[in-house]
Amino acid sequence: MAKIPVTIDDKPLEVETGRTILEACKENGIEILTMCHLEGIGDVGACRLCLVEIEGINKLLPACTTKVAANQVIKTKTERLKKYQRITTELFFAERNHICAVCVADGNCELQDLGYKVGMDHVRFPYLFPQANVDTSHPMYVMDHNRCIMCTRCVRVCSEVEGAHNWGIKNRGIEVRVISDFDTPWGDSTTCTSCSKCVNVCPTGALWPKTVVQGQLVKQPKMVSELVAKRKMNL
Amino acid sequence: MKKKKIGTVWLGGCSGCHMSLLDIDERILEVVKLADIVKCPIVDQKEFPQVDVALVEGSVTSDEHLHELLHVRKQATCLVALGDCAVTANVTGMRNYLKKEEVLNYAYVEAASNDKEGKMPQHPALLKLHEKVVPLQEVVHVDYVIPGCPPSADTIFYVLAELLNDRVPNLEQERKLKYG
Ligand code: SF4
Ligand code: SF4
Ligand code: SF4
Ligand code: FES
C-alpha cells in the first residue's frame, strides 16, 4: 500500500492511503475521544467527539469519518477542541435524564467515563428533563430512552453484524428516538433475534439485560469487534 | 490564620450527603482546627448565619428551598453544591417528567399504604412544591461543586481542607470526580 506523509500533533508520520484520521491516530498511539465509533461497525460521525483541526480547513472534521490526505497538518488536542468536547459531553447529559444513582450502568458506563475524562464536574446548560419511555416488553432486555445518547451503535450493529435490522431512528433534533421495527414495542419485534449484540455495544445504561440491577451492568462491546474480525478471517 | 466558619444546609435531598460528611470520622478534628461549624441541620438556630463556606445538599424543589438558598447565597462567601441532587437534580428531579399533581396524588391518595383513605395535605404552613425541580446553579451562582450520590467522605474532606486552607480544590486532577 502506498504511504502518504501527514503531520499529527506536530509529529511527522507516514500513513497508508485510505486510512481515516482516527485509524492513523490509533496506529501511532495518539489518543482521540470517541463515542459513536466502535471497531467492527461502520462509522457515521454522529457524536462529534472526535473532531480535529486540519490546517487550511475552516471547520472541524470528525476523525472517524475523514480520510487522511497527503501533507495534511492535523491537530487533535487544541484548547478549542477541548472546549467543544466538554460542551458535547455536557449536552449528552442535559438532553435526556441521566440519574446515575439509580442506573444499571453506574460505575461501568462509557458516558460517565467520558465525563470524568473531560473534567465535567457539572453541566452548564439547563437540563431538558424530557419525557422518555422505558420499553420493557422484550422478554430479556430493556430499552430505556432516558439514557440513550443517540450514538446509533445499536442500529448499526443490528443491521450490519446481526443482519436483523430491528432498530431504526425516528424524528429529528431533541425529538429523535431509536425505534424497534416500525415504532412498535421491542417485545413485538418480528426481526429481533435476541442476540444481545445491541445490548453489549450500547455505551450507556440505555440497553440492558433484565438480569441486572443498579450498578451491576457489565458490557462487552469488544465482543462485536472480535466477532467481525474473526468473520473476516474466513476460517 | 483567622478561624473560618462553615455552615451546612439540607434542601431537596435525602440527608445522604450529610451522612457522608459525618463519615470523615476523626478527620472532623482537623476541620474544627481551621473552622467552626456554626450551622447544620441539627443546630437549633433558625437563620443561616454568615459563613466562609456553605455546604448545600439537595436541589430546589419548593418555595421554601428557593427562599433558603437565596438567603444562604447572601450569607456565604463560598457556596458549595454538595452531591448530585444539588448539582444535577438527580433522583429528586425524576418527578420533572410528570405533572406535579400526578406525583402528589400518587404519593398521598393512590399509594397502596394509604388504605384508600389518603388525603392531599393542605395545611398553609406546608411548603409549596415547584412544578420543576432544579439544581442549585440554575438559581444562584455556585462557587464549587462536589458531584456524587453521595460524594465520598474522602472527597468531601479533600474539598473542605483545600477551601479552608485558601486553596482551590481540583477534583479532576485528584481523580475524585464521580457521578452516582
Ligand atoms: S447511562 Fe451512564 S451517565 Fe447515564 S445515568 Fe446511566 S450511568 Fe449515568
Ligand atoms: S438483540 Fe440482536 S437482533 Fe435484537 S435488536 Fe438487538 S442486535 Fe438486533
Ligand atoms: S440505545 Fe445505546 S447504542 Fe443505541 S443509540 Fe442509544 S445509546 Fe447508542
Ligand atoms: S467517534 Fe467520530 S463522530 Fe463519534
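Guide: Before we look at strands, one definition: two strands pair if DSSP finds at least two bridges between them. With that in hand we can read this structure, which is a predicted model.

Visitor: Which residue stands opposite A:Asp135 in S7(A)?

Guide: Strand S6 and strand S7 (residues 141-144) of chain A pair in the antiparallel sense over two bridges, and within that pairing A:Asp135 stands opposite A:Met143.

Visitor: In what order do the three strands of that open sheet of chain A lie?

Guide: The order is S6-S7-S10, with antiparallel pairing. S6 and strand S10 (207-209) of chain A each have a single partner strand, so each stands at an edge with one side left without a neighbour in the sheet.

Visitor: How is the open sheet of five strands in chain A arranged?

Guide: Reading across the sheet, the order is S2-S1-S5-S3-S4, and the pairing is mixed. Strand S2 (11-16) and strand S4 (61-62) of chain A are its edge strands, each pairing on one side only. Inside the sheet, strand S3 (residues 51-54) and strand S5 (residues 73-75) of chain A run antiparallel and are joined by two bridges, with A:Ile74 in S5(A) as the bridge partner of A:Ile54.

Visitor: How many salt bridges does a search of the whole structure find?

Guide: The general idea is that side chains of opposite charge can pair when their charged atoms come close. The search finds 20 salt bridges over all chains. One of the pairs to inspect is formed by the side chains of A:Asp121 and A:Arg86, which meet in a salt bridge at 3.4 Å, N to O. A:Asp121 lies in the loop between helix H3 (110-117) and strand S6 (134-135) of chain A, whereas A:Arg86 belongs to helix H2 (residues 79-95), so the pair ties together parts that are 35 residues apart in sequence.

Visitor: How many residues does each of chain A and chain B give to the contact?

Guide: Chain B gives 23 residues and chain A gives 23 residues. Between them the two chains bury about 1,800 Å², of which 65% is on carbon and sulfur atoms. B:Tyr97, B:Leu177 and B:Tyr179 supply 40% of the area that chain B buries against chain A, more than any other three residues.

Visitor: Which residues come nearest to ligand 1?

Guide: Of the 13 residues around ligand 1, those that come nearest are A:His98, A:Cys100, A:Cys103, A:Cys109 and A:Gly205; by class, the shell has seven nonpolar, four polar and two charged residues.

Visitor: And which residues lie around ligand 2, and which come nearest to ligand 3?

Guide: The residues around ligand 2 include A:Cys158, A:Trp167, A:Trp186, A:Cys192, A:Cys195 and A:Cys198, and its shell divides into seven nonpolar, four polar and one charged. Around ligand 3 there are 14 residues, of which A:Cys148, A:Cys151, A:Thr152, A:Cys154 and A:Cys202 come nearest, and that shell divides into 11 nonpolar, two polar and one charged.

Conventions. Residues numbered from 1 in each chain as written. Chains lettered and ligands numbered in written order. Predicted model: local features only at pLDDT ≥ 70, side-chain atom pairs only at ≥ 80, totals over all residues. Heavy atoms only, no water. Near = heavy atom within 4 Å. Nonpolar A, V, L, I, M, F, W, Y, C, P; charged D, E, K, R; others polar. Helix = DSSP H or I, 4+ residues; strand = E, 2+ residues; numbered from the N terminus. Contact = heavy atoms within 4.5 Å. Buried area = accessible area lost by both parts, 1.4 Å probe. Salt bridge = Lys/Arg side-chain N within 4 Å of Asp/Glu carboxyl O.
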